[in-house]
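Here's a quick briefing on the contacts and strand pairing in this model. Have a look at the structure first, then run through the notes below.

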Amino acid sequence: MGWIVKLNSSGTYQWGKYTSNFVMMGVTAQAYGDVMCCGTTKTASASLNYGYIFRFDSNGNLTWQVKVTHPSNFEVDMQAFHLQGYYLYVVGGYYNGSSFVEGFIYKLTIDGSLVWQKNVSGTYECLEIWTDNSENGYVVGYDTNNDGFLINIDSSGNLSWKTSLGGSYGEWFYNVTLSSNEVIVVGQENTTSGTGNPLLMRYPDRGQCMAERQTRLFKGCSSFSARCLFVRFPIVTGKQI
């Protein structure tokens with residue numbers, strides 16, 4: 001069952017919305033109380049699983065909804081949602097019933113009108129997006145080599161650069177945000193033993209790894225199923241493709 005609940009600043013319940021056979025994945029709110037969220041229907045057949053984007057007013061009334069389908073009837077797996085000014089950004093991946101086949105990015109207005117949609121070639125799934133004040137986007141996920149990737153797109157969705165981190169057993173980048181002139185990325189490095197130390201990396205100019213450190217930064221990390229991963233990228237540069 002998918003659900004979204006609004007609480008006030010004291011934690012008191014305001015309203016809630018629930019639906020069966022649905023998974024809510026991303027949510028954001030505007031300053032005056034409107035709420036926007038995205039998710040995917042979940043049935044036994046991937047061809048019947050669609051992506052949805054909803055907007056509710058401050059009282060929980062549905063303002064609009066957008067249904068997203070794939071021309072080959074692949075599952076549209078919505079993952080994350082970002083609001084920047086007048087625009088909404090949604091990322092995820094297309095699933096054919098046995099595996100993910102390609103990541104996607106959607107840009108819409110806050111009224112639900114599609115601005116553009118882009119498939120991200122060579123990727124399995126886009127897991128999060130963040131944008132700057134110039135509407136440039138930074139998208140993370142994992143590609144067809146099971147490497148974590150960070151891509152930079154312009155306001156029209158055109159690819160500016162891409163950089164990735166690969167290892168023997170795969171890395172996934174889950175979250176991204178901006179800080180000053182850097183992009184902050186967190187994710188997971190997979191291992192065969194099921195344990196490992198956190199991995200901390202910093203990528204300066206042109207995506208070249210200048211420092212790599214593996215230290216036990218958090219108590220109990222050796223019991224995790226995979227290593228904690230923290231990566232820093234400069235915002236103004238990247239590995240050109």
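A search of the whole structure turns up 4 salt bridges, where a salt bridge is a side-chain nitrogen of Lys or Arg within 4 Å of a carboxyl oxygen of Asp or Glu. Keep in mind that this is a predicted model: local features need pLDDT of at least 70, side-chain atom pairs count only at pLDDT 80 or more, and totals for chains, interfaces and linings use all residues. Residues are numbered from 1 along each chain as its sequence is written, and side-chain values use heavy atoms, with hydrogens and water left out.

- As background, side chains of opposite charge can pair when their charged atoms come close.
- Asp34 and Arg55 meet through their side chains in a salt bridge, 2.8 Å from N to O. This pair links distant parts of the chain, with Asp34 in the loop between strand 3 and strand 4 and Arg55 in strand 5, 21 residues apart. Strands here are DSSP runs of E with at least two residues, and helices are runs of H or I with at least four, numbered from the N terminus.
- Is Asp34 buried or exposed? Asp34 is buried, at a relative accessible area of 9%, and Arg55 is buried too, at 7%. The cut-offs are under 20% relative accessible area for buried, over 50% for exposed and in between for partly exposed, using a 1.4 Å probe and protein chains only.
- Lys42 forms a salt bridge with Asp77, and their closest N and O atoms are 3.3 Å apart. Lys42 sits in the loop between strand 4 and strand 5 while Asp77 belongs to strand 7 (residues 75-84), so the pair ties together parts that are 35 residues apart in sequence.
- Lys42 is partly exposed at 31% relative accessible area, whereas Asp77 is buried at 8%.
- Lys107 and Glu135 also pair up by their side chains, in a salt bridge of 3.0 Å from N to O. Lys107 lies in strand 9 (residues 100-109) and Glu135 in the loop between strand 11 and strand 12, so parts 28 residues apart in sequence get tied together.
- Lys107 is buried, with a relative accessible area of 3%, but Glu135 counts as partly exposed at 25%.
- Which residues do salt bridges with shared partners join into one network? They are Lys42, Glu75 and Asp77.

**Charges over rings**

- Lys107 turns up again here: it lies over the face of Tyr87, 4.3 Å from the ring centre. The test is NZ of Lys or CZ of Arg within 6 Å of the ring centre and within 35 degrees of the ring normal.
- Lys162 lies over the face of Phe149, at 5.8 Å from the ring centre.

**Aromatic pairs**

- The structure holds 11 aromatic pairs. Rings of Phe, Tyr and Trp (its six-membered ring) pair if their centres lie within 6.5 Å, and planes under 30 degrees apart count as stacked, over 60 as edge-to-face and the rest as tilted.
- Why is the pair of Phe104 and Tyr106 edge-to-face? Their ring planes are at 75 degrees, with centres 5.3 Å apart, so the pair gets that label.
- Phe104 is buried at a relative accessible area of 0%, and Tyr106 counts as buried at 8%.
- Tyr124 and Tyr142 have ring centres 6.2 Å apart and planes at 65 degrees, so this pair is edge-to-face. Tyr124 lies in strand 11 (residues 123-131) and Tyr142 in strand 12 (residues 137-143), so the pair ties together parts 18 residues apart in sequence.
- Tyr124 is partly exposed at 27% relative accessible area, while Tyr142 is buried at 6%.
- Ring pairs also link Trp15, Phe22, Tyr52, Phe54 and Phe56 into a cluster.

- An open sheet of 4 strands runs in the order 3-4-5-6, with antiparallel pairing. Two strands pair if DSSP finds at least two bridges between them.
- The edge strands are strand 3 (22-29) and strand 6 (62-68), each pairing on one side only.
- Strand 3 and strand 4 (residues 35-41) run antiparallel and are joined by 7 bridges; Met24 has Gly39 in strand 4 as its bridge partner.
- Phe56, part of the ring cluster, has Leu62 in strand 6 as its bridge partner.
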